[in-house]
Amino acid sequence: MKSFLDENFLLETKTAQTLYHDFAKSMPIIDYHNHLIPEQIANNVQFSNISQVWLAGDHYKWRAMRANGVDEKFITGDASDFEKFQKWAETVPYTLRNPLYHWTHLELQRYFGITEILSGETAQKIYDDCSSKLQTSDYSVRGLLAKMNVEAVCTTDDPLDSLNFHQQLANENVNLKMLPAFRPDKAMNSDDIIGLNDYIDKLEKVVNSTISSLQDYLAALKNRHDYFAANGCSVSDHGLEQIYAEDYTEAEITSIFDKIRNKKDISYQENLQFKSAMLVHFAEWDHEKGWVQQYHLGALRNNNTRMLSQLGPDTGWDSIGDFSQARMLAKFLNRLDTQNKLAKTIIYNLNPADNELIATMIGNFNDGSVAGKVQFGSAWWFLDQKEGMIKQLNALSNMGLLSRLVGMLTDSRSFLSFPRHEYFRRIVCNLFGTDVEQGELPNDLEWIGKIIQDISYFNAKNYFKF
């Protein structure tokens, strides 16, 4: 029987072990999508204790604690940092077979050298040990990133953001790259007319210009897109239920915007048309600048309205949605492609039932101009666990080129989440290693090792050109 989380964790064959230890393990990390706070990186924040860096903002853990019967006071409430950690520690033994059990102990090992199992009984000792280390210079935010060999991170930033912290870090001339990603979801959210108008009012102040027409609005957003580019941005990102690709005319969108600006209701069809038009504009600007555009599809958000009203969004009340993806996605990508305005594109899928759909869709628009131009992004959110990753990797292998995948990302708000790259690399190495030992792939470790390194690092390095 193997020991829990030993050096060959998830590596079931000798070949898999060789591929991981000799080829994947030492590769740097390019984390091209996350929700880290730029201010904390720029100011090299020092956390006082492990709860602050590990539990704050982590709705994966929050959902598990709630499922375990933990009162909200100890999750997002006013309990002390240690009380929250204690409740998480008491929950961990109940997370067996949930990826949180692996991630929790992997993170304790990799950052703090702790091999004990976290539980209610070990909570105090582990809390004190980790918190003591976090107060030393090696465990500052940048120290934590350095421990994981992180070369570059792309934060997620609204067009209104000043990017002052990205500028601050860039001016320090440090090795770590922190780059912004343009995330204009709020700018096209015509589901909420009042909220969208508030957003437009804020945009007016940022660009110091009145916005009274659609052309004013597009010019202001293009101004921000240009500003992001001037500050090192080369990536956009969209979090959508599904792609919007309704037919529309410029006159129709002009009229719809006028209704929005005058705070008048718009129809369901007009809502879809407005979102469709905005997506096209954003995509065309991305192509113009040679950016990479990312689409995270399939989340059904804010399902619990009672808790949403108490805690706000992004607090753990989202799930996988069952949206129809194929037709509108094909229509959207085809529109851009026929106009020669399709940028490098990554599509992330949240519903495993759509894995093969996305894996075949990308093949429709890979035109030979760039290796892996249109990507089936790595398993996302609820799917970035062992089974979800394997299903995504197998779908891509069967219907595309896994060898051109740009690898893993954390999609996380925590500076302790970077062992997810290791988790992913171990799974990839195990897949290849098993195939070799079963005679399904040749025993050419030099070539397969190169492919492993490409998936781990070089594909992303070449694709994003950071």
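Domain bounds here come from an automatic or database domain assignment. On that basis, the protein chain of this predicted model divides into domain 1 (14-43 + 149-464) and domain 2 (46-139). The C-alpha centres of domain 1 and domain 2 lie 28 Å apart. Their contact draws 23 residues from domain 1 and 20 residues from domain 2.

**Overall build**

- The protein chain holds 19 helices and nine strands.
- Its radius of gyration is 23 Å, close to the 23 Å that the globule rule gives for 466 residues, so the chain is as compact as a globular protein of that length.
- The C-alpha trace spans about 70 × 55 × 45 Å along its principal axes.
- Of the 466 residues, 56% count as buried.
- The accessible surface of the protein chain is about 19700 Å², and carbon and sulfur atoms supply 47% of that area.
- Among contacts between residues at least 6 apart in sequence, 76% join residues at least 24 apart.

**The four-strand sheet**

- Four strands make an open sheet in the order β4-β5-β8-β9, and the pairing is parallel.
- β4 (235-240) and β9 (374-376) are the edge strands; each has a single partner strand, so one side of each lacks a neighbour in the sheet.
- On average, neighbouring strands of this sheet are turned by 15° against each other, direction ignored.
- β4 and β5 run parallel and are joined by six bridges. Val235 stands opposite Val292 in β5.
- Six bridges also join β5 to β8, again in parallel. Here Gln294 stands opposite Ile346 in β8.
- β8 (residues 344-349) pairs with β9 over three bridges, in the parallel sense. Ile346 stands opposite Gln375 in β9.

- Six of the six residues of β5 (residues 292-297) are buried, so the strand is largely enclosed by the rest of the structure.

**The three-strand sheet**

- Another open sheet has three strands in the order β1-β2-β3, with parallel pairing.
- Its edge strands are β1 (29-31) and β3 (177-179), each pairing on one side only.
- Neighbouring strands of this sheet are turned by 10° against each other on average, direction ignored.
- β2 (residues 150-154) and β3 run parallel and are joined by three bridges. Cys154 has Leu179 as its bridge partner in β3.

**Helix packing**

- Helix α1 (residues 14-24) has a set of buried residues: Thr15, Ala16, Gln17, Leu19, Tyr20, Phe23 and Ala24.
- These buried residues of α1 pack against α18 (419-437) and α19 (445-464).
- Ala359 sits in helix α16 (residues 355-361). At 1% relative accessibility, Ala359 counts as buried.
- Setting aside neighbours within four places in sequence, Ala359 is in contact with Phe376, Ala395, Leu396 and Met399.
- Ala359 and Ile347 are 12 residues apart along the chain, and their C-alpha atoms are separated by 9.4 Å.

**Positive phi in loops**

- Trp381 lies in the loop between β9 and α17 (386-399). Its phi is positive, about 60°, although Trp381 is not a glycine.
- Trp381 is buried, with a relative accessible area of 8%.
- Asp411 lies in the loop between α17 and α18. This residue other than glycine also has a positive phi, near 50°.
- Asp411 is buried, with a relative accessible area of 11%. The cut-off for buried is under 20%.

Definitions and conventions:
Residues are numbered from 1 along each chain as its sequence is written. This is a predicted model: local features need pLDDT of at least 70, side-chain atom pairs count only at pLDDT 80 or more; totals for chains, interfaces and linings use all residues. Side-chain values use heavy atoms; hydrogens and water are left out. Two strands pair if DSSP finds at least two bridges between them. Helices (H or I, at least four residues) and strands (E, at least two) are DSSP runs, numbered from the N terminus. Axes are lines fitted to C-alpha atoms, for helices over the stretch in contact, and angles run from 0 to 180 degrees between N-to-C directions. The radius of gyration is taken over C-alpha atoms; the globule rule is 2.2 Å times the number of residues to the power 0.38. Buried means under 20% relative accessible area, exposed over 50%, partly exposed in between (1.4 Å probe, protein chains only). Contact means heavy atoms within 4.5 Å. Accessible areas come from the Shrake-Rupley method with a 1.4 Å probe; for residues, only the protein chains shown count as cover.
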